[in-house]
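Student: I should like to understand how the terms used for a structure follow from its computed values. May we work through some cases together?

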Amino acid sequence: MGGSVNTNSSYVTAQFNTALLQELIVIAVAMLAIAILSTLVLRRQASKALELGFDLPQEPAVRRLLRLGFGVIWVIDGLLQLQPQMPIGLPDNVVTPTAASAPAWVSSLVTFGTDAWLRHPVLAASATVWLQLGLGLWLLVANRGWASRAAGWASAVWALNVWIFGNALGTLFMAPISWTTGAPGAVFFYVLAGVAIGLPPMMLKRQSFSLWMSRVLGLGLAYFAILQAWPGRGFWGGGKDGAYPSMASEMGSVSQPGFSASIQHWFQTFTTNSSWTYNTLVVVVLALAAFGFLSGKVSWMRLGTIVYVAMALVDWVLVQDFAVFGGMGTDLNSMIPSALIVGGAYLLARDAKEVVDLEEIPVVRESRDTRTLRFVGAIAATVVFLVGAVPMLLVGVLPGTSADVAAATGAGVQELNSPAPDFTLIDQQGKRFTLSDYRGKTVVLSFIDPVCTSECPIEAQEMQVASQQLGNNPAVEFVAINSNPLYRSPATLRAFDTAEGLTGWNQWQFLTGTKAQLQTVWDAYGVGVEILAGGGMAAHAEPIYVINSSGVITATWTALAEGSVNTLESQSAVSLIVSEVQKASK
Amino acid sequence: MLRRATGVSVAFVAASMALLTSPVGAMPPMGSMSSMPSMSTSAAPSLAGGVNDAGTSMSILPMGHLSDSANTFFQSFTARSDASWNLSTPPGIATNGGITLSSPSNGAIAVLPYYALHLSAISPLVDGVSSQDGEAVTSLLKAPSAMAKSPHSGAFFLVTRKGSVLEQSGPTQPFTTVTSLSALKKTSAGKRCGIQAITGIAIQSDESLAVGVRCSSPGTTGVLTQSGGTWTGSLASKVGPCSVVRIDPSGAGVIALVRTGGMKASLRSISIAGSSVKLSSPLPFMYSTLRSTAVSNESGGVRSDIVALAGTKHVAAAILTPGEHVHPVASVLPLSTRAVVSQGTATISPATLRAFQVSKGKATIQELNASSAWETLSVVNVTIPYGSTK
């Protein structure tokens with residue numbers, strides 16, 4: 001059983017960077033192929049002197065706004081996912097705290113998502129980068145046709161997934177719900193935008209559609225205005241315990257650039273004395289915007305949109321702290337997307353017609369080459385998207401746990417390239433073993449509980465397979481230290497060897513000693529051991545150290561953590577051992 | 001038709017049990033037939049139960065999410081004489097596979113293999129407390145009487161899953177094979193009973209071994225005893241094919257809880273001392289209704305009894321004394337009752353019994369009050385390490 005999770009695990013970061021690089025190479029190869037093909041197509045078109053351009057219906061303004069706006073947002077989100085702490089930090093520092101006060105059924109959804117992510121954190125994090133970058137590029141490049149609509153639906157599906165499993169349903173079921181702090185969730189607006197982009201463009205011009213959308217938006221804004229105005233929810237009161245000062249204090253305490261910290265400090269001071277001023281402003285703006293969209297009049301909608309967008313920008317700065325400067329920013333938060341949605345709703349109403357006449361739709365002329373390049377660009381963006389989407393699907397269906405997450409738990413305390421602390425214990429036959437006697441050999445040092453009911457037997461098997469793959473080289477010793485303070489007898493170690501079929505393996509040394517001797521070794525190598533009550537096995541960290549022939553630690557990582565394991569993961573664990581031993585032996 | 005027949009059987013059993021156990025013959029409240037648990041035909045002995053030995057009592061209970069074996073953790077509780085019951089689960093190893101124990105005062109407690117664990121971890125017991133130093137052996141048989149320890153020589157015996165009986169003469173000595181299923185099959189006693197499996201082990205006061213077995217032939221007790229290197233089987237003419245559920249030392253011999261019959265099996269206790277064989281009357285409801293068993297052994301006491309626990313909608317305890325009729329214990333218990341164990345050094349009587357009910361991590365211990373009603377004695381909450389092996 002592993003220890004606490006290390007968000008900044010250097011091993012996981014290295015794995016994350018490697019995964020990104022590998023995926024980038026795949027993308028680069030695909031891009032090269034696409035570039036060659038598109039060049040050939042363009043040359044062929046030029047040689048055939050085909051029609052030079054096309055007159056195409058103009059894209060509805062609302063669609064263009066949402067497509068480009070959310071395209072840029074997805075690109076930003078994708079770039080934010082490049083932060084090195086994302087593989088472990090996203091579920092632990094962002095998603096789980098968001099759902100901390102959620103009802104059980106919401107928590108279970110979030111837990112499902114975080115569990116899936118944490119089973120394969122590197123795969124999930126790197127996939128998210130490409131998935132979101134791909135979505136953004138796809139939306140930006142593909143402006144019409146099925147490719148563009150498909151981008152909208154892909155965006156909506158991924159955003160819905162994030163909203164449910166990563167955003168705790170936009171915190172809608174957690175008190176106190178407030179528009180100012182992000183309800184109904186940033187990605188909820190991504191879903192709306194994705195659906196709008198995915199619909200046939202002609203539908204966006206229909207007045208009936210526009211009317212319904214205005215009403216729904218107006219009711220939503222009215223709901224949030226009422227919630228914000230409702231007494232007793234903490235938004236009217238000032239003092240240090242008021243909702244706004246508390247939020248500002250919390251946001252201000254996060255490490256961030258000086259100017260945004262200063263803004264937070266000012267806002268905290270301001271709302272401590274006059275929360276009601278800010279809340280009144282919020283309520284009035286939401287009410288005005290709601291009235292505008294419920295009125296059905298475009299002029300009121302325009303006014304409502306202007307004040308809403310202005311207020312959203314103010315709130316984005318004052319309450320949401322720019323969303324990306326403090327802590328682990330994963331997106332721009334709700335204000336920018338919601339402003340795009342409200343602006344889009346206004347454009348929808350402005351351009352709607354009772355009867356859509358195809359003849360009245362303005363056309364734009366697009367050259368043949370531009371059209372071809374857009375098509376090629378859409379394919380390229382789709383490739384980037386798929387490089388993320390396919391691994392993300394695997395994250396959802398692959399059982400077991402990757403070695404990556406284990407590496408973030410209970411890492412050893414010994415630094416790389418430092419001398420391995422020496423020790424003397426006895427082996428399973430009762431013979432004395434001193435580590436320094438093995439200078440001249442490569443030693444793989446692990447910590448195994450002989451009566452562990454989960455990973456330890458598997459870890460031992462992985463060691464044996466690695467030894468076999470190394471040709472059972474007598475210059476490589478696999479040394480395991482007993483990590484159970486209660487079951488310490490050599491007989492117990494021998495029973496473990498017998499049960500696991502390790503008895504004939506000459507490179508295997510399973511060591512034990514007195515409780516004090518073992519404790520000294522555990523301390524030296526950073527292995528915390530805890531005895532659990534109620535029928536729980538000894539919990540212990542599982543670092544693995546590779547020590548070269550000079551007695552220097554050349555590699556360290558953590559063996560598989562809690563959770564089931566599968567053949568694939570065992571194979572990768574074996575490969576890791578083999579490769580690190582080979583490096584140490586050079 | 002099959003569904004209806006099952007319902008009638010359940011009703012019959014529930015009614016029999018109620019009449020048997022209620023002092024005034026009052027029927028306990030019954031729900032609709034459809035809400036009753038279906039009867040299992042499994043004959044696998046429950047590990048839940050306990051042993052009373054020289055004043056130290058120990059009970060084994062499954063706790064946690066009982067519908068999920070990965071999250072069921074067996075716990076042991078110990079009480080000395082009339083003292084309170086305390087958690088005494090051996091530390092350092094997940095107990096999903098179950099716990100079994102030999103004599104609680106000076107014996108051993110073992111954790112059975114589960115998940116990736118292929119061996120059994122054993123801790124010696126001293127006055128009901130497990131030692132800090134444990135040992136591990138090959139996989140132990142999953143049965144209540146899989147281990148035995150001599151109170152005199154300290155020799156320790158166990159039955160493995162592969163059907164071998166191993167002996168360890170001292171704490172640091174290696175285990176050696178004493179006998180095995182294949183060896184017993186070749187003996188005349190083994191042939192006579194049509195031995196199919198070794199199901200338990202006990203050490204008699206003269207240090208000779210007794211094993212409980214499963215017999216395919218009728219007319220034997222299911223207990224084989226060793227004397228001078230020869231295995232002998234006791235005969236019991238009225239007993240059909242049988243299987244020993246538990247076996248413990250008793251006076252000069254052993255006492256066993258034996259399942260007899262096929263699908264419509266019943267339980268009876270059998271005591272064997274030399275050539276003397278005594279059988280209790282059978283438990284008057286089918287074995288398939290059995291939820292758990294508890295053994296209370298009075299070493300050197302006036303008599304030895306076995307306490308059985310059975311029922312469907314409610315459960316009831318009954319004392320099975322060899323040579324006598326079944327003594328029902330007044331008042332039924334909730335279905336969550338997992339064991340009834342005797343506490344104290346006096347001869348087993350309803351007054352010495354303690355009933356253990358389980359609800360996730362909470363164990364409620366009850367005793368019979370002066371009005372012959374079960375009354376809560378204490379509650380022990382256990383922190384269950386859910387998912388520790390997943």
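Student: Why is Gly361(B) called partly exposed?

Tutor: This is a predicted model, and the answer rests on a count of neighbours. Gly361(B) has 17 other C-beta atoms within 10 Å. A buried residue needs 20 or more, and an exposed one has 12 or fewer; Gly361(B) is therefore classed as partly exposed, with its 17 falling in between.

Student: Where is Gly361(B) found, and which residues is Gly361(B) in contact with, leaving aside its neighbours within four places in sequence?

Tutor: Gly361(B) is found in the loop between strand E27 (353–359) and strand E28 (362–368) of chain B. Beyond its neighbours within four places in sequence, its contacts are Met63(B), Gly64(B), Asn381(B), Val382(B), Thr383(B) and Ile384(B).

Student: What makes strand E19 (residues 253–260) of chain B mostly covered?

Tutor: Eight of its eight residues are buried.

Student: Which strands does E19(B) pair with, and in which sense?

Tutor: E19(B) is joined to strand E18 (residues 242–250) of chain B by eight bridges, and the two run antiparallel.

Student: What is found in the hairpin of E18(B) and E19(B)?

Tutor: The hairpin has two residues between the strands, and Gly251(B) takes a positive phi near 55 degrees.

Student: How do you know that the length of helix H8 (residues 207–229) of chain A agrees with its number of residues?

Tutor: At 1.5 Å a residue, its 23 residues should span 33 Å. The end C-alpha atoms are 32 Å apart, which agrees.

Student: Which residues of H8(A) are buried, and what do they pack against?

Tutor: The buried residues include Met213(A), Leu217(A), Leu221(A), Phe224(A) and Gln228(A). The buried residues of H8(A) pack against helix H10 (258–295), helix H11 (298–318) and H12 of chain A. As for spacing, an α-helix has 3.6 residues a turn, so residues three or four places apart point the same way.

Student: What makes H12(A) mostly covered, and how does its span compare with expectation?

Tutor: In H12(A), 15 of its 17 residues are buried. Helix H12 (residues 335–351) of chain A should span 24 Å at 1.5 Å a residue, and its end C-alpha atoms are 24 Å apart, which agrees.

Student: How many helices and strands does each chain have, and what share of each is buried?

Tutor: Chain A has 18 helices and eleven strands, and 49% of its 586 residues are buried. Chain B has three helices and 29 strands, and 55% of its 390 residues count as buried.

Student: How do you know that chains A and B touch?

Tutor: The contacts show it: 31 residues of chain B are in contact with 28 residues of chain A. On the side of chain B that touches chain A, strand E3 (72–80), strand E7 (119–126) and strand E9 (135–138) each supply at least two residues. E9(B) gives the most, with four residues. By class, that side of chain B has 16 nonpolar, twelve polar and three charged residues.

Definitions and conventions: Residues are numbered from 1 along each chain as its sequence is written. Chains are lettered from A and ligands numbered from 1 in the order in which they are written. This is a predicted model: local features need pLDDT of at least 70, side-chain atom pairs count only at pLDDT 80 or more; totals for chains, interfaces and linings use all residues. Two residues are in contact if their C-beta atoms, placed from the backbone, lie within 7 Å. Ala, Val, Leu, Ile, Met, Phe, Trp, Tyr, Cys and Pro count as nonpolar, Asp, Glu, Lys and Arg as charged, and the others, Gly among them, as polar. The expected span of a helix is 1.5 Å times one less than its number of residues. Two strands pair if DSSP finds at least two bridges between them.
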